[in-house]
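Work through the exercises below with the structure open. Each task is followed by a solution in steps.

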Amino acid sequence: MVGLNLGFLALTLFFVARGISSGIEWVAVYLMPLFFVLFLAITIYGAFTGEFSQAVSYLFTFDFSKLTGEVMLAAVGQAFFSLSLGVAGMMTYGAYASRETNLGKTSGIIAGADTAVALLAGLAIFPIVFAAGLSASAGPGLMFASLPVAFQQMPFGSLIGLLFFIMIFFAALTSSVSLMEAPTAYTLEKFKLPRPVATAIVGVGAAVLGILSALSFNEMADFRPLAFIPIFAEANFFDALDGVTAKLFMPIGAILTCIFVGWIADARLIDDENGLDGLLHQIWRILVRFVCPIVLTIILAFGLFG
């Protein structure tokens, strides 16, 4: 696991050192739409051969008794992670966008596409999960436990499965590059370093965290670095890192970003760049200045102390 982790990290650093447009852009532009089409085909297959109605009921039946502060905080963390918000990922990519790009329209497309793919993933995986009698609470591992079952039963299933997991690999790679690009861009701008040097410095830190995370599944499985914090008392290093990032750093980063954009940054510059106008712009400003930071603060407080 450590070797595979370092190998994937090395590939990520290779693309980051070369720059966003030198290779990884091709992957995002051409392979990700193909990945979506493949996912859609699996969803259609699951609708006819799996427990589709049970999956729909599982995904869309509301149970408000389970809507606790911790669940809402986890949902916020998942949304931020999925959209690369609160960790400067989208902010960094936005810095490479052309001046003609309509940021408001682009943001809407990104959020809509992310939501659509998330729903599609649920409708693709859970019918197969229930049809195969697998547990629906297995987390991300469901993709690797349930989809191979479906591929075995599909015509040309081995080929489709190979293509699908290749796409998963490239999807993970584009996400990894975006997350690595943010600290690399900061390091090279702050210290005026060449991009390869800045990439190497950030890569060392990522390697340390990656090794400790990989060891959390074996040699360090019983290590509890944040046992003194009740919400992380049973978390090993990997779970603690994931929890702190999703439940603390991302929401706090988003709150601070809202405060900066809504109250500190040059209002005329923001108005010129966000691509919104009229009533939509006024609603956006109210959300950024008041609604989002207040709601996020309440969710953060209830999630941690409620």
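**Exercise 1. Aromatic pairs**

Task: State how many aromatic pairs a search of the whole structure finds, then describe the pair of Phe-217 and Phe-238.

Solution. The model is a predicted one, and a search of the whole of it finds 11 aromatic pairs. Phe-217 and Phe-238 form one with 5.1 Å from centre to centre and an angle of 50° between the planes. Planes under 30 degrees apart would count as stacked and over 60 as edge-to-face, so the remaining angles are called tilted. The pair of Phe-217 and Phe-238 is therefore tilted, at 50°.

Phe-217 sits in the loop between H9 and helix H10 (237-264), while Phe-238 belongs to helix H10. The two residues are 21 residues apart, and the pair links distant parts of the chain. Phe-238 has a relative accessible area of 32% and is partly exposed.

**Exercise 2. A second pair**

Task: Classify the pair of Trp-263 and Phe-290 and locate both residues.

Solution. The ring centres of Trp-263 and Phe-290 are 5.4 Å apart, with 90° between the planes. An angle over 60 degrees counts as edge-to-face, and this is the class of the pair. Trp-263 is in helix H10 and Phe-290 in helix H12 (residues 278-305). They are 27 residues apart, and this pair too links distant parts of the chain.

Trp-263, at 48%, counts as partly exposed, and so does Phe-290, at 40%.

Ring pairs also build a cluster elsewhere: its members are Phe-8, Phe-169 and Phe-170.

**Exercise 3. Ser-213**

Task: Is Ser-213 buried or exposed, and which residues does it contact beyond its neighbours within four places in sequence?

Solution. Ser-213 is part of helix H9 (residues 195-215). Its relative accessible area is 11%; buried means under 20%, so Ser-213 is buried. Apart from neighbours within four places in sequence, Ser-213 contacts Phe-237, Phe-238 and Leu-241. Phe-238 is also the ring that pairs with Phe-217.

**Exercise 4. The whole chain**

Task: Which elements make up the protein, and what is its radius of gyration?

Solution. The protein has 12 helices and zero strands. Its radius of gyration is 21 Å, close to the 19 Å that the globule rule gives for 306 residues, so the protein is as compact as a globular protein of that length. The C-alpha trace spans about 55 × 50 × 45 Å along its principal axes. Buried residues account for 35% of the 306 residues. Of the contacts between residues at least 6 apart in sequence, 67% join residues at least 24 apart.

Methods: Residues are numbered from 1 along each chain as its sequence is written. This is a predicted model: local features need pLDDT of at least 70, side-chain atom pairs count only at pLDDT 80 or more; totals for chains, interfaces and linings use all residues. Side-chain values use heavy atoms; hydrogens and water are left out. Helices (H or I, at least four residues) and strands (E, at least two) are DSSP runs, numbered from the N terminus. The radius of gyration is taken over C-alpha atoms; the globule rule is 2.2 Å times the number of residues to the power 0.38. Buried means under 20% relative accessible area, exposed over 50%, partly exposed in between (1.4 Å probe, protein chains only). Contact means heavy atoms within 4.5 Å. Rings of Phe, Tyr and Trp (its six-membered ring) pair if their centres lie within 6.5 Å; planes under 30 degrees apart count as stacked, over 60 as edge-to-face and the rest as tilted.
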